[in-house]
Amino acid sequence: MNKDEAVKDLIEYHFDSESELRTVFRFISEREDDPDEPVKLLEVSGATPATGSVDVFGFRSTETFPFRLMIAEVTPEEMDAIRADPSRLPAGWRLDSAVEISRNRL
Amino acid sequence: MTEAPTEAWARAYAAQARSDWQVYKALQFEARQSACHELHFLQMACEKIAKAYRLRDDSVPLEKIRTEHVGCDKFLKNYLKSSEAREFYRGRPKQLEAATPKLVQLMKQIQALCPAIDSVACPTNVEYPWEDGSGRVIAPCEHRFLAPDLTTAQARTLLKIIERALERF
């Protein structure tokens with residue numbers, strides 16, 4: 001399974017297991033082809049606690065997902081704030097290089 | 001080869017979380033001890049492992065993460081999306097969806113045991129005495145904690161998930 005397929009499978013699972021999940025941003029870096037480059041996801045969910053910040057948690061690779069995963073969840077309102085002020089994103093996460101994936105466009 | 005500072009801190013937080021967890025497990029069978037001690041070590045294990053996973057975000061200054069409050073509920077919500085946790089609910093996404101709010105609620109109750117979280121709205125904690133609404137001062141060791149209820153099937157699932165997060169860090 002290549003990186004794109006693994007990410008698609010993971011995001012599909014996230015949509016299947018969370019009806020409140022609105023959309024997922026996958027941040028693509030210049031080194032994305034490097035297997036060591038982590039997959040970076042920002043998920044917009046109506047069911048996540050609002051904290052006013054983008055709290056990223058990192059998970060190591062596993063047998064079923066052989067890539068490091070950096071993931072954060074924000075509420076739709078927090079996403080609006082990020083769109084208005086992208087500096088709220090972690091360093092290196094740029095909206096203009098992100099792919100937005102919705103439930104109907106997997 | 002030297003370890004990058006954030007990696008070293010993340011590893012150390014995870015190691016301390018695992019140690020807290022071992023004490024929590026040992027205290028579970030100590031009927032003579034007050035429940036506050038067992039819950040205290042559970043709360044500390046959760047807090048530290050959440051911080052360890054948070055420390056993997058090396059885009060944030062180390063000091064910020066070390067000194068900020070890292071939400072255990074937020075950590076759990078994200079952990080449940082990792083491929084590690086996915087093994088718990090493989091092929092059963094609807095069950096995961098149904099379980100997530102209950103697991104997160106339980107984690108919030110564990111987090112709330114920390115005295116620093118909300119000492120005004122929720123003074124009950126596992127570490128320091130507090131005054132209740134009638135002016136009575138209560139010691140944690142004399143208090144009967146009703147939440148979190150760790151006797152339920154949902155709680156057992158949460159504890160397994162926490163243990164996995166500790167082991168697989």
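What percentage of the contacts in chain B with a separation of 6 or more do residues 24 or more positions apart account for? The share is 65%, where a contact requires C-beta atoms, placed from the backbone, to lie within 7 Å.

This is a predicted model, in which local features need pLDDT of at least 70 and side-chain atom pairs count only at pLDDT 80 or more, while totals for chains, interfaces and linings use all residues. Residues are numbered from 1 along each chain as its sequence is written, and chains are lettered from A and ligands numbered from 1 in the order in which they are written.

**View 1. The open sheet of chain A.** Five strands with mixed pairing are arranged in the order S3-S4-S2-S1-S5. Strands (E, at least two residues) and helices (H or I, at least four) are DSSP runs numbered from the N terminus, and two strands pair if DSSP finds at least two bridges between them. Strand S3 (57-59) and strand S5 (98-102) of chain A form the edges, each pairing on one side only. From one strand to the next, the twist averages 25°; axes are lines fitted to C-alpha atoms, for helices over the stretch in contact, and angles run from 0 to 180 degrees between N-to-C directions.

**View 2. The pairing of S1 and S5 in chain A.** Strand S1 (residues 21-27) and S5(A) run antiparallel and are joined by five bridges. A:Phe25 has A:Glu100 as its bridge partner in S5(A).

**View 3. Helices on the sheet of chain A.** Helix H1 (residues 3-17) lies across S1, strand S2 (39-45) and S5 of chain A, and runs at about 160° to S1(A). Helix H2 (residues 76-84) of chain A also packs on the sheet, where it touches S1, S2 and strand S4 (69-74), with its direction at about 105° to that of S4(A).

**View 4. The loop at A:Gly52.** A:Gly52 is located in the loop between S2 and S3 of chain A. This residue is exposed because 11 other C-beta atoms lie within 10 Å; the classes are buried at 20 or more such atoms, exposed at 12 or fewer and partly exposed in between, with C-beta atoms placed from the backbone. Its C-alpha atom is separated by 8.9 Å from that of A:Thr75, 23 residues apart along the chain.

**View 5. The fold of chain B.** Seven helices and two strands make up the secondary structure elements of chain B, in the sequence pattern α-α-α-α-α-α-β-β-α. The C-alpha trace of chain B spans about 55 × 40 × 30 Å along its principal axes. Of its 169 residues, 39% count as buried.

Conventions: Contact = placed C-beta atoms within 7 Å.
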